[in-house]
Amino acid sequence: MFPMKALPGVPRRTVLAAHAVPLVTLPSALWRLALAAGLPVSEISLRHTWEVLYVVCLAVVSEALALLTLGLVRPWGEIVPRWMPLLGGRRVAPLAATVPAVLGGVVLSVLLSWAFYSHSANVGPEGTGTPAQYALLLVCYVPLLAWPPLLIAVAVAYYRRRTAVPSPTGDARGNGTAASRAIRA
(Lines give C-alpha, C1' and ligand atoms only; values in the text may rest on other atoms or scores of the structure.)
Protein backbone atom coordinates (compact mmCIF):
# COMPACT_ATOMS: atom_id res chain seq x y z
CA MET A 1 0.00 0.00 0.00
CA PHE A 2 1.27 3.49 -0.81
CA PRO A 3 1.88 5.74 2.18
CA MET A 4 -0.39 8.75 2.18
CA LYS A 5 0.66 11.66 4.33
CA ALA A 6 -2.00 13.32 6.40
CA LEU A 7 -2.43 14.98 9.74
CA PRO A 8 -2.87 12.72 12.75
CA GLY A 9 -6.50 12.07 13.54
CA VAL A 10 -7.76 12.46 9.97
CA PRO A 11 -9.91 9.39 9.23
CA ARG A 12 -8.42 7.05 6.63
CA ARG A 13 -11.51 7.29 4.42
CA THR A 14 -11.10 11.08 4.31
CA VAL A 15 -7.42 10.74 3.38
CA LEU A 16 -8.34 8.25 0.65
CA ALA A 17 -11.06 10.56 -0.68
CA ALA A 18 -8.66 13.53 -0.74
CA HIS A 19 -6.04 11.52 -2.61
CA ALA A 20 -8.66 10.17 -5.03
CA VAL A 21 -9.63 13.64 -6.27
CA PRO A 22 -6.44 14.30 -8.31
CA LEU A 23 -6.65 10.75 -9.64
CA VAL A 24 -10.24 11.09 -10.93
CA THR A 25 -9.35 14.32 -12.73
CA LEU A 26 -6.17 12.95 -14.30
CA PRO A 27 -7.73 10.95 -17.19
CA SER A 28 -9.64 13.96 -18.53
CA ALA A 29 -6.53 16.15 -18.21
CA LEU A 30 -4.50 13.58 -20.14
CA TRP A 31 -7.24 13.38 -22.80
CA ARG A 32 -7.15 17.17 -23.19
CA LEU A 33 -3.35 17.15 -23.46
CA ALA A 34 -3.58 14.41 -26.10
CA LEU A 35 -6.11 16.52 -28.02
CA ALA A 36 -3.82 19.55 -27.77
CA ALA A 37 -0.89 17.46 -29.00
CA GLY A 38 -2.86 16.49 -32.10
CA LEU A 39 -3.36 12.83 -31.21
CA PRO A 40 -6.47 11.24 -32.74
CA VAL A 41 -8.63 11.20 -29.60
CA SER A 42 -11.49 13.05 -31.29
CA GLU A 43 -12.56 14.22 -34.72
CA ILE A 44 -12.24 17.75 -33.35
CA SER A 45 -8.94 19.33 -34.27
CA LEU A 46 -7.55 22.43 -32.65
CA ARG A 47 -6.69 24.78 -35.50
CA HIS A 48 -5.45 27.85 -33.67
CA THR A 49 -2.71 28.35 -31.13
CA TRP A 50 -5.14 29.96 -28.69
CA GLU A 51 -7.31 26.81 -28.80
CA VAL A 52 -4.33 24.64 -27.93
CA LEU A 53 -3.32 27.01 -25.12
CA TYR A 54 -6.88 27.04 -23.79
CA VAL A 55 -7.09 23.24 -23.70
CA VAL A 56 -3.66 22.90 -22.08
CA CYS A 57 -4.50 25.57 -19.50
CA LEU A 58 -7.82 23.86 -18.76
CA ALA A 59 -6.01 20.57 -18.14
CA VAL A 60 -3.38 22.18 -15.90
CA VAL A 61 -5.83 24.33 -13.93
CA SER A 62 -8.27 21.46 -13.33
CA GLU A 63 -5.48 19.24 -12.04
CA ALA A 64 -4.06 22.04 -9.88
CA LEU A 65 -7.50 22.67 -8.36
CA ALA A 66 -7.91 18.95 -7.71
CA LEU A 67 -4.52 18.88 -5.95
CA LEU A 68 -5.71 21.63 -3.59
CA THR A 69 -8.03 19.04 -2.04
CA LEU A 70 -4.96 17.51 -0.42
CA GLY A 71 -4.63 20.66 1.68
CA LEU A 72 -7.77 19.63 3.53
CA VAL A 73 -5.91 16.67 5.06
CA ARG A 74 -2.34 18.03 5.14
CA PRO A 75 -0.65 20.56 7.46
CA TRP A 76 -0.53 23.29 4.77
CA GLY A 77 -4.33 23.34 4.84
CA GLU A 78 -4.31 24.43 8.48
CA ILE A 79 -1.26 26.70 8.62
CA VAL A 80 -0.10 28.66 5.58
CA PRO A 81 3.45 27.56 4.65
CA ARG A 82 6.13 30.00 5.83
CA TRP A 83 7.42 30.62 2.30
CA MET A 84 4.15 32.33 1.32
CA PRO A 85 4.53 36.12 1.39
CA LEU A 86 2.37 38.04 3.88
CA LEU A 87 0.37 34.99 5.03
CA GLY A 88 3.14 32.50 5.85
CA GLY A 89 2.81 30.93 9.30
CA ARG A 90 -0.77 32.07 9.90
CA ARG A 91 -3.57 29.65 10.72
CA VAL A 92 -6.14 29.05 8.02
CA ALA A 93 -9.65 29.82 9.26
CA PRO A 94 -11.81 26.70 8.82
CA LEU A 95 -14.41 28.59 6.77
CA ALA A 96 -11.70 30.10 4.53
CA ALA A 97 -10.98 26.62 3.20
CA THR A 98 -14.39 25.00 3.62
CA VAL A 99 -16.57 27.57 1.85
CA PRO A 100 -14.55 27.67 -1.40
CA ALA A 101 -14.28 23.88 -1.39
CA VAL A 102 -18.01 23.31 -0.93
CA LEU A 103 -18.91 26.05 -3.42
CA GLY A 104 -16.42 24.55 -5.86
CA GLY A 105 -18.05 21.15 -5.41
CA VAL A 106 -21.50 22.61 -6.06
CA VAL A 107 -20.32 24.50 -9.16
CA LEU A 108 -18.57 21.37 -10.42
CA SER A 109 -21.77 19.37 -9.89
CA VAL A 110 -23.77 21.83 -11.96
CA LEU A 111 -21.15 22.10 -14.73
CA LEU A 112 -20.56 18.37 -15.00
CA SER A 113 -24.28 17.60 -14.87
CA TRP A 114 -24.92 20.06 -17.67
CA ALA A 115 -21.97 18.80 -19.72
CA PHE A 116 -23.02 15.16 -19.46
CA TYR A 117 -26.68 16.00 -20.07
CA SER A 118 -25.94 18.15 -23.12
CA HIS A 119 -23.64 15.51 -24.52
CA SER A 120 -26.14 12.68 -24.01
CA ALA A 121 -29.02 14.77 -25.41
CA ASN A 122 -26.88 15.88 -28.39
CA VAL A 123 -27.35 19.52 -27.40
CA GLY A 124 -23.66 20.40 -27.67
CA PRO A 125 -21.35 20.33 -30.65
CA GLU A 126 -20.72 17.10 -32.49
CA GLY A 127 -17.24 15.72 -32.66
CA THR A 128 -16.78 12.56 -30.64
CA GLY A 129 -15.64 10.68 -33.72
CA THR A 130 -15.36 6.93 -34.05
CA PRO A 131 -16.81 4.47 -31.52
CA ALA A 132 -13.28 3.91 -30.15
CA GLN A 133 -12.79 7.66 -29.71
CA TYR A 134 -16.16 7.91 -28.02
CA ALA A 135 -15.31 5.03 -25.69
CA LEU A 136 -12.01 6.71 -24.82
CA LEU A 137 -13.83 9.98 -24.14
CA LEU A 138 -16.22 8.23 -21.75
CA VAL A 139 -13.42 6.35 -19.97
CA CYS A 140 -11.58 9.62 -19.46
CA TYR A 141 -14.51 11.82 -18.48
CA VAL A 142 -16.87 9.62 -16.44
CA PRO A 143 -14.46 9.58 -13.44
CA LEU A 144 -14.95 13.37 -13.22
CA LEU A 145 -18.44 12.69 -11.85
CA ALA A 146 -16.77 11.55 -8.60
CA TRP A 147 -14.92 14.86 -8.14
CA PRO A 148 -17.77 16.96 -6.63
CA PRO A 149 -18.98 14.45 -4.01
CA LEU A 150 -15.41 13.57 -3.00
CA LEU A 151 -14.48 17.25 -2.67
CA ILE A 152 -17.57 18.08 -0.63
CA ALA A 153 -17.09 15.06 1.64
CA VAL A 154 -13.46 15.99 2.34
CA ALA A 155 -14.41 19.64 2.93
CA VAL A 156 -17.14 18.69 5.42
CA ALA A 157 -14.73 16.35 7.23
CA TYR A 158 -12.15 19.17 7.32
CA TYR A 159 -14.66 21.59 8.81
CA ARG A 160 -15.85 19.09 11.42
CA ARG A 161 -12.29 18.23 12.41
CA ARG A 162 -11.19 21.85 12.62
CA THR A 163 -14.21 23.02 14.62
CA ALA A 164 -14.49 20.02 16.97
CA VAL A 165 -14.17 20.79 20.65
CA PRO A 166 -11.13 19.00 22.13
CA SER A 167 -11.93 16.32 24.66
CA PRO A 168 -10.41 16.50 28.15
CA THR A 169 -7.75 14.00 27.04
CA GLY A 170 -6.66 16.38 24.27
CA ASP A 171 -7.55 13.88 21.57
CA ALA A 172 -10.64 15.31 19.79
CA ARG A 173 -10.29 12.97 16.82
CA GLY A 174 -7.48 14.96 15.20
CA ASN A 175 -8.22 18.41 16.56
CA GLY A 176 -6.46 18.07 19.90
CA THR A 177 -2.87 18.29 20.96
CA ALA A 178 -1.57 15.49 18.72
CA ALA A 179 -2.52 17.38 15.56
CA SER A 180 -1.30 20.67 17.00
CA ARG A 181 2.10 19.15 17.77
CA ALA A 182 2.30 17.67 14.26
CA ILE A 183 1.51 21.03 12.69
CA ARG A 184 4.06 22.90 14.81
CA ALA A 185 6.77 20.32 14.06
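Contact here means heavy atoms within 4.5 Å. The structure is a predicted model, in which local features need pLDDT of at least 70 and side-chain atom pairs count only at pLDDT 80 or more, while totals for chains, interfaces and linings use all residues. Residues are numbered from 1 along each chain as its sequence is written, and side-chain values use heavy atoms, with hydrogens and water left out.

Of its 185 residues, 34% count as buried, that is, under 20% relative accessible area with a 1.4 Å probe and protein chains only.

The largest nonpolar core has 30 residues; such a core is a set of buried Ala, Val, Leu, Ile, Met, Phe, Trp, Tyr and Cys residues joined through side-chain atoms within 4.5 Å. Helices H1 (12-36), H3 (94-120), H4 (131-141) and H5 (147-163) each supply at least two of its residues, and H1 gives the most, with eight. Trp147 is among the residues with the most contacts inside this core. Leaving aside residues up to four places away in sequence, Trp147 touches Val21, Val24, Thr25, Ser62, Leu65, Ala66 and Leu108.

H3 and H5 pack at an angle of about 165°, their axes 8 Å apart; axes are lines fitted to C-alpha atoms over the stretch in contact, and angles run from 0 to 180 degrees between N-to-C directions. The two helices are therefore roughly antiparallel, the term for angles over 145 degrees. Their contact includes Leu108 of H3 and Trp147 of H5.

Definitions and conventions
Buried means under 20% relative accessible area, exposed over 50%, partly exposed in between (1.4 Å probe, protein chains only). Helices (H or I, at least four residues) and strands (E, at least two) are DSSP runs, numbered from the N terminus. Angles under 35 degrees count as roughly parallel, over 145 as roughly antiparallel, 65 to 115 as roughly perpendicular and the rest as oblique.
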